Amino acid sequence: MRFVIVTGMSGAGKSTALKMLEDMGYFCVDNLPIPFMTKFAEMFSTPDAEINQVALGIDIRGGQAFEGLDEKLQQIEEMGIPYEILFLDAGDDVLVKRYKETRRQHPLGGTGHIDRGIAKEREKIAFLKMKAAYILDTSKMLTRELRMELEKIFVQGKDFKNLYITVMSFGFKYGIPQDADLVFDVRFLPNPYYIEELRPKTGNDPEVRDYVMDNEKAQEFLNRLTGMIEFLIPNYILEGKNQLVAAIGCTGGKHRSVTLANALYKFLEPKENYGVRIEHRDIGKDDITKER
């Protein structure tokens, strides 16, 4: 039997994940009273059990009984029943936004104090995050990306990557990304904007890429950048970091930053111990501004 406990921050996507696991053939139960956990696990652990893939949703809605969850998990371990914890997380600002958009109250927030509820919840469920085999930060994940990660882990049996890296290009004139962990400025490189035939193109076009990278400074910058990122990644993983945003900026976020972000993404993509995605935040904003 594969027994998965799905938990995490309220608003991080636990219900969505359970529905996805159900589509993948898991028998899913959400918000089972915590005192029933051991009986539930025992029921499906018998050799003749027809159901061999089970997912159980547990969260702070368990109320006072939630305090006894750690003890219940120990009992399940003592019974020799293996389990895995999938912990869904998201940044506080993202969680607040999601609650406001859905006009829901946080289970621990009382009347209107969403941020306080989030802080209390983090404290109460910290032990679950420590026990988790898989931590997924859904702050920047699209629904299809979450499904892909779950399929890799629970269907395809691929090794899980606890660190997820977002390589982002941006334009300084549109502001530095608020969620960036690392910010790099490439405005010192020659600007394709001033080459008439390159101006309407982007860093995704070969002509712009070649113009930007046909420069010793660009090559040296990329070498130093990849060396530093390569050094940082294993240290971030050791510290338990699960989301890293490396942002590369130029003036408009269309030419130089896109080129270097693509180059960094290409360097990172083949690695095995983390996931990576690329985002060009401002690549089309100049065109929209001109149309207005």
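A: A residue is buried at under 20% relative accessible area, exposed at over 50%, and partly exposed in between (1.4 Å probe, protein chains only). This is a predicted model, in which local features need pLDDT of at least 70, side-chain atom pairs count only at pLDDT 80 or more, and totals for chains, interfaces and linings use all residues. Residues are numbered from 1 along each chain as its sequence is written, and side-chain values use heavy atoms, without hydrogens and water.

Q: Which residues on the other side of α4 are called exposed?
A: They are Asp-93, Lys-97, Lys-100 and Glu-101. Helices (H or I, at least four residues) and strands (E, at least two) are DSSP runs, numbered from the N terminus.

Q: What makes the buried residues of α4 lie on the same side?
A: In α4 (residues 92-102), the buried residues are Val-94, Leu-95 and Tyr-99. They cover an arc of only 135° around the axis, so they sit on the same side of α4. The arc is taken from the directions from the helix axis to the C-beta atoms.

Q: What covers the buried residues of α4?
A: The cover includes α5 (114-131), where contact means heavy atoms within 4.5 Å.

Q: What makes β7 and β9 edge strands?
A: The open sheet has the order β7-β8-β6-β9. Strands β7 (182-185) and β9 (275-280) each pair on one side only.

Technical notes. Two strands pair if DSSP finds at least two bridges between them.
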